Structures are given as structure tokens and as C-alpha cells.
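User: I'm new to this structure and would like to learn how to read it. Could you walk me through a few features?

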Amino acid sequence: MHSGVEHVPTSDVPQSGKDYSSDQEVRWCPGCGDYAVLKAVQNFLPDLGLRRENIVFVSGIGCSSRFPYYLDTYGMHSIHGRAPAIATGIATSREDLSVWVVTGDGDALSIGGNHLIHALRRNVNLTILLFNNRIYGLTKGQYSPTSEPGKITKSTPMGSVDHPFNPVALALGAEGTFVARTVDSDRAHLTSVLTAAAAHRGTSFVEIYQNCPIFNDGAFDDLKGRDTTAEAVVRLVHGEPVRFGTDGRLGLIRDRLTGGVTVAEVDEVGEDAVLVHDAHSPDPTTAFAIAQLTDTGYLHRAPIGIFRQVERPTYDDLARAQVRQAEEETDGAPADRLAALLGGGDTWTVD
């Protein structure tokens, strides 16, 4: 059993992706990347070996937030930006549930930004999937917190003047214990990241680059094109040198001037200079530096994979431990414990 769901009841009946497909008609625009992510999740969930009634998907508002309708599990379509807060309550009160959050770049990083960072810092035992298409799709094409500067949209006809969030860097800055990025069109990579995220005990944060064919088509073409993928995608694998480009000609090295990392020709700097990725380092500094490479250079460059994966006590485990301790110390019936709580400490009588 994965440690992330070690207290969740398992299923004795073999399952398939069809078991996790609801009877609701899937309604996204043709070509939307959400279809690929949905299919990957439906096919991946049986591998957890859990009972469907012990899996909960919580979403906010947006195209991605229709997700709970299309999965035959328990689910909740909540309110704008508040999915992490609601999921925190579910995960804390129900140890027997595998809790997931599905959100978008607008939902999670605009009105929901505060809830997201606090879920990450608390390390609640849940998995957050952030679909990033760099646009508001459901409300018809306004710029989002991840849209690039100069983005011309219905709400920014002269180009956006906002500096965008880097979701991975944000999650690392909040000291998330599991932070990863993947791409909607790479089924194998997406599934491997989801597997690791589900196995992690604590908050797992996965940013998924997802294409919006109507309002922001081609935003990630450099990462998917036959002639550009090798140069644009930086694959991170724990314990392996970070090399990419045609025949691995490029590598990440330490930048002695800035203290961060930069891209170099391996033949020029030597293989020993290439950075070896350490996702398990307790210090997130290097992972944060790698995240800064996003969209730099002549291509839309993107490191993908697991940036950070470390262990830390979870909020919900600690909260439940306090409840058990209180029960043991009072050693009474629930009514007695409540009376002791209300009557304890400083009290006074109002005439």
C-alpha cells in the first residue's frame, strides 16, 4: 500500500478505468487537454487498489473543475478557489479517504492563492492537480495569473502588464514536500508523476501543462513539437545528471555568479560539471533555481518531473494525534470531555 493512502481501505475486486468513468457526458471543447488528463487519471486510479467510495475529488470553479462529475468516486464541486480549504477539512476528519484537489491556474492562483499556499505549508495529506493553460477558459479568455507579460486577451487588449506566477516556484517557496510538473500529452510521464504523488504522505502538488485550443491554443507547442521538444523539455530524474537537447548535448550546471543554475554545452564544461538532480534534498534551494529556468531562452523551456520529494509530519496526522491525546487525558465520555473543555482555563460568571 502506498504510504500516502496507507490508512485507506483497499478493494478486493479488480478494477479498470471503466469503473472510474461516471455516466455523465464529458463536456469540454474538442481538443481540450483535459480529456487526456481525465483518461490518464481514470486509468491510473485502479492501480491504487482502493475502494471507489474511499476516494474523494474536490474541485473549485473552472473548466478543470468539472472533473468530479466524470469520475465514479465521491466528489465535490466547491466554490471558487476554496477547494484546498474544503479538502483540508475532509482529509483531517477522515483518515480513511484518499483526497484529491483538481484546480486551474485561475482558480488556484487568483482567488484561491491563499488557500493553496497554506495547504502546502501545512503539508495536509492530499494530492493537488493544478491544470495550467495560462488563460481563463470557462469565462471566455481573460488573462490569468500565469499568462505571460504582453498577453493580449479580452481583459488585456493592449497586453498584460502583470508578472506571472511560476506555480512550481510558488509551491517550493511554500516549502511543499512534493512538487512536480508534467504535460497533458505525455501519458507515460503524467502517469508516473501521479503514481509518485499518490504514494507521498503529505501535500503532493502537480502542475499539469494543459492546452486550451479555443482561447490559448499552442501555448506549449515548443514542448510538444517534433523539432523543439528535445531542446525545450528538461527532464528531471532523481539521482541522474540533468541533460537534455539533441543527444544530451545540453546540461544544467551551477552558475557561480548568481548561485543558481544555468544551461551549458556539456562538451564545453565536461560531464562532471553537470548537476545531478536530488529531489530528496531537505534544502529546496536548488529545486527552486531549476524552476526559474521555466520559459527562459529562445524557446519556452520547461523542466518537468519531480522537483522535490521529502518527508515531513502532516497536518492531519498531527491534529488527529492531539485529539487522541485529549481523549486519553480526559478519560471520559464525549460529554465529559466537552464539559472539561468548556469549563477549563479562565472562566467567569456574568450577572
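User: What do the buried residues of H1 pack against?

Analyst: They pack against strand S1 (55-59), helix H2 (67-70), strand S3 (98-104), strand S4 (127-132), H7 and strand S6 (204-209). Helices (H or I, at least four residues) and strands (E, at least two) are DSSP runs, numbered from the N terminus. Contact means heavy atoms within 4.5 Å. A word on the source: this is a predicted model, where local features need pLDDT of at least 70 and side-chain atom pairs count only at pLDDT 80 or more, while totals for chains, interfaces and linings use all residues. Residues are numbered from 1 along each chain as its sequence is written, and side-chain values use heavy atoms, with hydrogens and water left out.

User: Which residues of H1 are buried?

Analyst: Buried means under 20% relative accessible area, exposed over 50%, and partly exposed in between (1.4 Å probe, protein chains only). In H1 the buried ones are Asp34, Val37, Leu38, Ala40, Val41, Gln42 and Phe44.

User: How do I read the packing of H1 and H7?

Analyst: Two packed helices are described by the angle between their axes and the distance between the axes. Axes are lines fitted to C-alpha atoms, for helices over the stretch in contact, and angles run from 0 to 180 degrees between N-to-C directions. Here H1 (residues 34-44) and H7 (residues 187-199) pack at about 50°, axes 10 Å apart. That makes H1 oblique to H7, since angles under 35 degrees count as roughly parallel, over 145 as roughly antiparallel, 65 to 115 as roughly perpendicular and the rest as oblique.

User: Which residues meet there?

Analyst: From H1, among them Ala36, Val37 and Lys39; from H7, residues including Arg187, Leu190 and Thr191. By class, this contact of H1 with H7 has 8 nonpolar, 3 polar and 2 charged residues. Ala, Val, Leu, Ile, Met, Phe, Trp, Tyr, Cys and Pro count as nonpolar, Asp, Glu, Lys and Arg as charged, and the others, Gly among them, as polar.

User: And which residues of H3 and H5 meet?

Analyst: Pro84, Ala85 and Thr88 in H3 meet His115, Leu116 and Ala119 in H5. That contact divides into 4 nonpolar, 2 polar and no charged residues.

User: Is Gln142 buried or partly exposed?

Analyst: Gln142 is partly exposed, at 24% relative accessible area. You'll find Gln142 in the loop between S4 and helix H6 (167-173). Leaving aside neighbours within four places in sequence, Gln142 is in contact with Ile135, Tyr136, Thr153 and Ser155.
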